[in-house]
Amino acid sequence: NASYHPSEIYLISGSKKSRNRSISAPPVPLRRSRDSVDSPTLSGCEAKLENKRSSAVNMRQSQSSESWKDSLSSNYKFLMYLARHKYDDEKVLFVDKITKINSWGMRQKRLFAITTNAMYNLTDRFEVRRRVPLEKIRGITKSQNSNEFVVHIPTEYDYWFESTDREHVLECLTESALHITVAGSPNSKLKEYVQGKYKQDNSQLDEQLEAPPLPGLKNMCMFKKLSDKRAHTRAELVTTEQSYCRSLVQFLALFAYPLDVERNKSSIMQNRNKWVDIFDNFENIVRFHCDFFCPDLQNCVKEDSISTPVYNIHAWATGRQSPTSVKCRGSAQTSAEGSLLNPVAEDDEKTIVVGNKKTTTDIGAAFNMRVTLLKTVYEPYLANWTKLQEAVKKLQTKSKYANFMKKQREISGGLGISSYLIMPIQRVPRYVLLINELVKHTDPEHPEYASLQKALRSIQKIAKVCDSYIK
């Protein structure tokens with residue numbers, strides 16, 4: 001009789017059995033004991049079973065990694081983060097859940113990503129906790145007796161991880177940055193190799209996950225009298241976009257943010273997850289338009305307009321000063337006369353700068369540059385539209401929310417929550433009308449004609465989806 005280690009698991013008739021159970025046939029071990037007798041037949045069985053097991057594990061890990069990779073690559077929050085920090089050219093190479101070990105040895109599941117230029121620590125909502133440029137990584141130490149490894153970042157602080165897919169992670173890192181070297185250690189625990197947050201300035205390296213301030217436009221374009229129909233249509237597109245942004249920000253300031261417990265501790269909605277389900281997608285749309293799309297369009301009409309800065313976002317959007325309990329950007333910044341807008345000198349620069357890219361000031365180019373991000377931001381909102389309506393109706397059946405919404409509706413000038421929530425769905429079809437009008441007044445020989453045609457085709461596809469929800 002062959003001797004087996006007590007911890008050995010055996011395969012019997014396709015199920016797992018313990019060794020001490022009486023059986024009619026000798027068990028075949030999934031893993032051979034070191035002191036077991038060599039047997040060609042046994043060795044062949046072991047090899048096949050081990051290969052099947054490894055293949056199954058690798059397949060599950062690969063599927064998980066690819067799923068996370070696809071989700072992150074198309075996630076609106078992550079894409080807006082890249083655009084905001086001018087990392088537009090980064091491509092996602094690897095994403096998966098791995099275990100992060102802190103300085104006390106506590107293990108925490110984290111979303112780990114590698115792009116062509118950096119390594120990321122993310123939350124499950126794809127919020128960036130920390131970004132480490134690959135050039136800052138000087139080496140990696142991996143355990144030869146466990147799945148632990150340490151990523152060394154001398155100018156900041158190290159990361160201590162554990163992953164069953166460790167070799168894949170290390171392969172992605174070393175192939176993306178050829179200067180990174182990997183050293184082995186016989187230790188199972190690698191705490192002694194970890195450089196912690198010893199420097200005072202290292203506390204600022206992690207992204208702050210506090211609730212961001214109220215978004216808004218930095219400038220407003222004021223137009224002169226325009227006799228040319230094409231110029232008038234361009235001005236109308238920008239003017240309506242600015243009004244749209246103002247309405248979106250007004251909704252956040254009057255309805256959404258006062259209900260957010262992270263911004264307003266006395267909120268009647270103490271469940272943060274409920275707030276995210278209802279308002280998170282809307283907030284992302286607001287940030288897309290205020291931070292990216294509207295400024296791009298404003299740059300297109302600099303020659304025909306005068307740009308004036310917005311000093312107080314909350315007052316610009318609502319006509320009221322910001323309540324101290326709700327965080328708002330620029331709430332204390334006003335001119336000596338208390339006005340919200342002051343004229344500034346006109347800028348004659350005719351290019352839009354986005355990351356390392358430049359494009360002309362034609363409207364079509366601005367649309368084409370942002371249409372993918374626009375689609376990415378609007379799709380979750382459209383997909384969740386029916387549930388959003390049901391959630392709002394349910395809120396209104398409760399007296400505390402009904403009273404709150406009635407009060408805020410009076411402040412907003414008569415617009416209720418449903419009137420605001422439908423705005424994104426109504427806005428996209430409006431783009432089709434305006435661009436179509438612009439094409440009509442643009443000569444086919446004009447250098448912007450082709451880009452306008454391309455923009456029209458792209459936005460029409462998104463508008464069709466919006467139309468189905470309006471009907």
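A crossing of two helices is left-handed if the near helix is turned anticlockwise from the far one by less than a right angle. In this predicted model, α2 passes α7 in such a left-handed crossing. Helix α2 spans residues 76-84, and its axis comes within 9 Å of that of α7, at a crossing angle of roughly 145°. On the α2 side the contact is made by Tyr76, Leu79, Met80 and Ala83, which meet Arg370, Leu373, Thr376, Val377 and Pro380 in α7. By class, the residues of this contact divide into 7 nonpolar, 1 polar and 1 charged.

Helix α7 (residues 363-383) also packs with α11 (residues 423-440); the two axes come within 12 Å and cross at roughly 160°. Because angles over 145 degrees count as roughly antiparallel, α7 is roughly antiparallel to α11. The crossing of α7 and α11 is left-handed. From α7, the residues in contact are Ile363, Phe367, Leu374, Tyr378, Tyr381 and Leu382, and they meet Pro424, Ile425, Val428, Tyr431, Ile435 and Leu438 of α11. The contact of α7 with α11 has 12 nonpolar residues, with no polar and no charged residues.

A further partner of α7 is α5. The axes of α5 and α7 come within 10 Å and cross at roughly 175°; the two helices are therefore roughly antiparallel to each other. The α5 residues in this contact are Asn281, Phe282, Asn284, Ile285, Phe288, His289, Phe292, Phe293, Asp296, Leu297 and Cys300. Their counterparts in α7 are Ile363, Ala366, Phe367, Met369, Arg370, Leu373, Leu374, Val377, Tyr378, Pro380 and Tyr381. By class, 17 nonpolar, 3 polar and 2 charged residues make up the contact of α5 with α7. Arg370 of α7 meets α5 and is also listed in the contact with α2. Tyr381 of α7 takes part in the contact with α5 and in that with α11.

The structure holds 1 cavity of 30 Å³ or more, and the largest cavity has a volume of about 30 Å³. Its lining consists of Asp277, Ile278, Asn281, Tyr381, Asn384 and Leu388. Helix α5 (residues 272-300) supplies the largest share of this lining, 3 residues. The lining comprises 3 nonpolar, 2 polar and 1 charged residues. Asn281 and Tyr381, both among the lining residues, also belong to the contact of α5 with α7.

Key: Residues numbered from 1 in each chain as written. Predicted model: local features only at pLDDT ≥ 70, side-chain atom pairs only at ≥ 80, totals over all residues. Heavy atoms only, no water. Axes fitted to C-alpha atoms, helices over the stretch in contact; angles between N-to-C directions. Helix = DSSP H or I, 4+ residues; strand = E, 2+ residues; numbered from the N terminus. Parallel < 35°, antiparallel > 145°, perpendicular 65-115°, else oblique. Contact = heavy atoms within 4.5 Å. Nonpolar A, V, L, I, M, F, W, Y, C, P; charged D, E, K, R; others polar. 1 Å grid on protein atoms, 1.4 Å probe; cavity = no way out; pocket = protein on both sides within 12 Å on 5 of 7 lines; lining within 4 Å. Points joined across faces, edges and corners; volume = space filled by probe spheres on them.
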